[in-house]
Amino acid sequence: MADPSEFDLQSALVKRHAAGLYRTRRVLAGPQSVEAVVDGRACLTFCSNDYLGLANHPQVIAAFQAGAERYGVGGGASHLITGHSAAHHALEEELAAFVGRPRALLFSTGYMANLGVIAALLGRGDTVYQDRLNHASLIDAGRLAQADYVRYAHADAADLAARCLAPKSGRKLVATDGVFSMDGDLAPLADLCRTARERGAWVMVDDAHGIGVLGGQGRGTLEHFGLGVEEVAVLMGTLGKACGTAGAFVAGSEALVETLIQQARPYIYTTAMPPAVAEATRASLRLIDNESWRRAHLRALIERFRRGAQAIGLPLMDSHTPIQPLVAGDAARALRLSAALWERGILITAIRPPTVPQGSARLRITFSAAHSEAHVDRLLSALDAAWRVCGDVG
């Protein structure tokens with residue numbers, strides 16, 4: 001057996017630390033909350049994806065507890081053996097109705113859903129086209145598939161059209177985030193769908209950060225743009241963000257879902273999520289339907305923050321979603337800003353390469369409906385002070 005020291009792991013870790021790219025974990029002492037105890041310190045957090053504040057909602061907790069009482073705490077087996085419970089089945093039906101599609105299929109994570117879909121739909125002789133800023137799960141799925149892999153310029157339908165000019169005999173799939181997780185901007189879905197239709201391609205949208213948040217009824221980026229299954233054949237959404245629980249789903253036609261059941265390896269060979277999580281998610285969907293004030297309040301907080309940031313001269317990116325990136329440039333500067341905020345009782349983690357491109361390290365500020373206007377004002381005050389201290393230092 002090879003000696004692990006031959007790989008010189010420690011040296012690589014030292015280099016990563018010196019480059020400002022070392023990642024560390026913080027310990028959360030309680031439930032997800034905008035006011036939390038992290039590493040033993042009370043702080044105000046702006047880095048969770050719990051966009052609607054449902055992760056600790058009493059109705060969601062009660063549904064989880066009731067689900068555990070009825071079904072136990074484990075899925076026990078894959079969906080194709082004995083793991084597909086009545087709770088899973090009901091959630092799939094409700095998710096399909098929620099996004100207005102014939103069928104939906106549960107996956108344990110969004111990462112697994114993206115891997116499963118692209119590998120199941122494409123093979124040798126096919127082509128997948130991806131936005132350069134897609135989530136890592138879509139990028140990895142494209143790399144792992146045996147299809148040809150083409151990346152187009154970020155949010156650029158004209159570049160996609162140019163790259164799709166060459167005639168190909170196999171299937172074509174255009175895959176994109178709906179809301180880009182690090183920039184917070186939206187894919188130009190109407191233009192992408194038009195280009196895909198002209199080139200004979202399907203469209204797949206990863207709407208992890210749009211479901212529950214965007215659209216008049218919280219149906220996500222597709223509702224925001226007024227698009228349906230005719231334009232976007234494959235919709236993936238996650239449940240661990242606006243829904244506040246865990247897992248993911250893929251929604252589309254009857255034939256699509258049946259194909260995934262037969263061929264998506266991450267679905268076939270994985271133990272089903274705990275049924276209690278499915279029951280909790282069903283409660284979340286009801287809250288998303290019945291409490292539209294959460295989305296309205298969230299939008300108001302975002303606009304309040306953007307007005308305040310403009311007033312103090314913070315260089316925000318062009319985003320009107322809960323993801324508000326403040327680009328610091330190099331990794332060291334992003335770390336200094338994060339540390340300065342931490343000293344002021346605010347937790348926002350520094351996002352660095354390779355998660356974002358070189359030279360675009362940032363604070364990824366995210367908002368929740370659980371935040372208040374007072375929270376936003378406190379954040380703006382702390383950012384003003386922190387930016388003055390280290391925002392202009394190279």
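Predicted model: local features only at pLDDT ≥ 70, side-chain atom pairs only at ≥ 80, totals over all residues.
Residues are numbered from 1 along each chain as its sequence is written, and side-chain values use heavy atoms, with hydrogens and water left out.

Reader: What volume does the largest cavity have?
Author: On a 1 Å grid over the protein atoms alone, a cavity is a set of points where a 1.4 Å probe fits but cannot get out. Grid points are joined across faces, edges and corners, and a volume is the space filled by probe spheres set on the points. A search of the whole structure finds one cavity of 30 Å³ or more. The volume of the largest cavity is about 60 Å³.

Reader: Which elements give two or more residues to the lining of the largest cavity?
Author: Lining residues have an atom within 4 Å of a point, and here they include His 79, Phe 107 and Tyr 267. Helices (H or I, at least four residues) and strands (E, at least two) are DSSP runs, numbered from the N terminus. Two or more lining residues come from each of β3 (103–107) and α11 (265–268).

Reader: Which element gives the largest share of the lining of the largest pocket?
Author: A pocket is an open set with protein on both sides within 12 Å along at least five of seven lines. The largest pocket holds about 910 Å³ of space. Of its 29 lining residues, those closest to the centre are Thr 24, Arg 26, Leu 347, Thr 349 and Ala 350. The largest share of the lining, four residues, is from α14.

Reader: Is Ser 338 buried or exposed?
Author: Ser 338 sits in helix α14 (residues 331–343). Leaving aside neighbours within four places in sequence, Ser 338 has contacts (heavy atoms within 4.5 Å) with Ile 348, Thr 349, Ala 350 and Leu 363. Buried means under 20% relative accessible area, exposed over 50%, and partly exposed in between (1.4 Å probe, protein chains only). With a relative accessible area of 11%, Ser 338 is buried.

Reader: How many residues of helix α1 are buried?
Author: Helix α1 covers residues 9–18 and lies largely in the open. After α1 comes Gly 20, with a positive phi near 75°. Of the 10 residues of α1, the number buried is zero.
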